Each structure stands twice: as structure tokens, then as C-alpha cells.
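The exercises below each consist of a task and a worked solution. Keep the sequence and the model in view while working through them.

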Amino acid sequence: MSYSYLADSTYGKDNVKFLKVKKDKQNKKLHEVMEATVCVLLKGDFDVSYTEADNAPIVPTDTVKNTILILAKKYDTFPLEKFAAKLALHFTSKYDHVSGLTVKITQDRWVKYDVDGKVSQHSFVYQGPEKKIVFLDYDKKNGPNNYALSTSIKDLTVLKSTNSMFYGYNVCEYTTLKPTTDRILSTDIFATMDWCPEKLGCLNSVASGSKDAIFDKAYFNARDITLDIFAKENSPSVQATMFNMATAILKEAPQVSYVSYELPNKHYFLFDLKWFEGLENDNELFYPSPHPNGLIRCKVGRNQAKL
Ligand SMILES: O=c1[nH]c(=O)c2[nH]c(=O)[nH]c2[nH]1
């Protein structure tokens with residue numbers, strides 16, 4: 001008996017990058033662009049490649065990369081969710097011994113801008129570091145009605161200079177924080193919607209494009225809701241604000257089963273300037289504190305309707 005066994009494994013290609021130009025069928029100069037970074041990791045009958053040095057089952061990671069690029073050329077990649085489903089069905093149907101995979105695609109934010117009062121047809125401004133991320137986990141033995149698909153807004157950095165409070169918290173001998181009804185609130189939004197396969201439909205229907213409008217609308221709404229609530233609410237805490245955002249997104253997207261937020265609380269501390277001629281700061285000059293930061297996460301589900 002050998003000393004060890006393979007407990008788990010997966011492999012593939014990460015950081016496969018492309019820029020796809022989508023051209024309007026009538027107006028060849030009317031474009032959309034997608035700059036994407038793809039990671040495909042395969043699961044399946046690969047054990048002997050680890051345990052016996054038998055490379056026979058290995059689909060080389062180079063082939064995985066080529067496949068991603070050829071499929072990106074041959075098929076529509078907008079929206080990412082559809083392209084992820086296309087990749088998943090391709091790898092799991094082409095190779096019998098590929099039992100499943102994970103696909104992660106990150107899309108950079110290129111947005112058209114106005115020129116002479118009109119939206120440019122083919123000129124874009126980079127609005128990084130914000131990204132859209134799609135993650136798909138599929139195991140073909142469970143069939144195309146079972147998969148885990150999520151869509152995220154990542155690194156959407158926001159700040160409000162008032163309408164944020166924090167008071168009424170637990171106080172003990174370790175507490176030095178002063179309660180406040182007026183503080184700066186800043187965070188890098190990381191919001192994730194988990195899609196419900198039962199409500200969305202099978203992976204084939206996602207890959208066919210019949211769900212494109214659902215994905216686009218949900219993403220647009222989630223981004224709008226996040227920014228809207230952030231701006232309008234007099235925030236009692238990061239916790240309460242993120243829960244309100246998640247609830248509002250669930251109301252707008254019936255095919256989403258959970259909404260999660262992961263928010264750093266990026267602190268800005270008021271400088272005490274009284275040492276200089278008793279100068280009052282009046283909430284005007286802050287120190288952006290690089291670390292430490294609060295980190296607050298939640299996952300919000302939908303209550304079943306009462307009968
Ligand atoms: O919104 C907040 N939530 C906290 O849990 C917390 N903790 C803290 O020190 N400041 C804040 N702010």
C-alpha cells in the first residue's frame with residue numbers, strides 16, 4: 001500500500017486574456033468591447049497523471065487556452081454568464097473523462113463616452129478598477145439543471161462625506177471608538193448574486209442566449225441599487241446598509257436566490273488640529289487610514305412567502 005493518496009485535484013489555465021470587439025450587423029463602426037480574463041479548471045478522471053506519472057488523460061492546459069480563444073471568436077461572449085455556460089458545456093461534452101469544471105471570468109469596465117454631445121460608437125474610457133466577475137461550477141453527473149452560477153460586482157469604490165452614522169454599539173473596557181452621527185463612509189463594493197438554476201433554467205438555455213436579458217438587467221439593477229442606497233440612506237452602519245442593498249436586489253431579480261456583500265470599511269480619521277491656535281476641524285480634513293480596515297460580510301436569502 002502506498003503511503004499517500006490523491007484527495008482532490010483540478011487543473012487548467014488561468015489568466016487567459018482577450019479583447020472581443022462586437023460589431024453591429026448593419027453599422028460596422030458601432031462596437032461593444034469586452035476585455036476579459038478567463039480561468040478554466042477541469043475536474044475528472046486525471047488521477048493517474050498525479051499518481052502514476054501517466055499523462056495520457058491530460059488535456060494540456062495549452063489546449064484549454066486555445067479552446068477558450070477559439071470559442072471566444074466563434075461565439076458571442078456577451079454577457080459573460082452565457083460564455084461561461086458555453087465553455088462548461090464544451091469541455092464536459094468534448095472529453096468523456098472531464099466530469100466537471102469551474103469557470104471564472106473577469107470583465108474589465110470599458111464604457112463609451114460622449115463626443116460632441118453624442119455617445120461615441122467605438123471609443124471607450126476605462127473605468128477600473130471596477131470589474132464584473134462570473135463564476136460557474138458544473139459537474140456533468142448532476143445534469144445541466146444543477147450548477148452553481150454567480151455574478152459579482154467587484155472593486156466599485158465609493159465614498160460619502162456625510163449621511164453615515166455609527167452609534168449604540170457594544171461598549172466595554174476595550175472600547176475607545178466614539179459614537180458619531182456624521183462620518184465618512186467608504187468601501188470597495190464586492191456584491192455577488194447567486195443564481196437559482198430552478199428559476200433560471202438549464203445550462204443549455206443559459207448557453208443558448210435565451211437568458212441574456214435577465215443577466216444584463218440584474219447586473220445593471222444591482223449596480224444602480226447599490227449606488228442609489230449608498231447615496232440616499234443615512235447609514236446606521238455598514239451592516240444595516242448592506243442588508244438593505246441585498247434585499248432590494250432580491251426584490252428586483254426573482255431568479256437570484258442569494259445576494260452577498262463583502263465590504264471593507266475604509267476608515268478616514270479626523271485630524272485633530274486643535275494644537276494649532278485651537279483650530280476646529282469641523283469634519284473637513286481627514287486622514288485616509290490605509291490599515292487596518294473593518295471587513296463586513298453578509299449573505300442574504302429570500303424568505304418563503306407565507307401561505
Ligand atoms: O458600520 C460599522 N460597523 C462596524 O461593525 C464598525 N466597527 C467600527 O469600529 N466601526 C464600524 N462601523
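Domain bounds here come from an automatic or database domain assignment. The model is predicted, so local features need pLDDT of at least 70 and side-chain atom pairs count only at pLDDT 80 or more, while totals for chains, interfaces and linings use all residues. Residues are numbered from 1 along each chain as its sequence is written, and side-chain values use heavy atoms, with hydrogens and water left out.

**Exercise 1.** State into which domains the protein is divided and how far apart their C-alpha centres lie.

*Solution.* Step one: domain 1 covers 1–142 and domain 2 covers 153–306. Step two: the C-alpha centres of domain 1 and domain 2 lie 29 Å apart. Step three: 16 residues from domain 1 and 15 residues from domain 2 take part in the contact, where contact means heavy atoms within 4.5 Å.

**Exercise 2.** Describe the area buried between domain 1 and domain 2.

*Solution.* Buried area is the accessible area (1.4 Å probe) that two parts lose on being put together, summed over both. Between domain 1 and domain 2 about 1,400 Å² is buried, and carbon and sulfur atoms give 62% of this area. On the side of domain 1, the most area is lost by E81, K82 and E130, together 34% of what that side buries.

**Exercise 3.** Count the salt bridges between domain 1 and domain 2, then examine the one formed by K82.

*Solution.* A salt bridge is a side-chain nitrogen of Lys or Arg within 4 Å of a carboxyl oxygen of Asp or Glu. The count between the two domains is three. K82 pairs with D212, and their closest N and O atoms are 2.8 Å apart.

**Exercise 4.** Which residues does the UniProt annotation "active site" cover, and how are they spread?

*Solution.* The unreviewed UniProt entry lists K13, T61 and H267; such annotations may be inferred rather than shown by experiment, and the positions follow the numbering used here. These residues are spread over 255 residues of sequence and also in space, up to 42.4 Å between C-alpha atoms.
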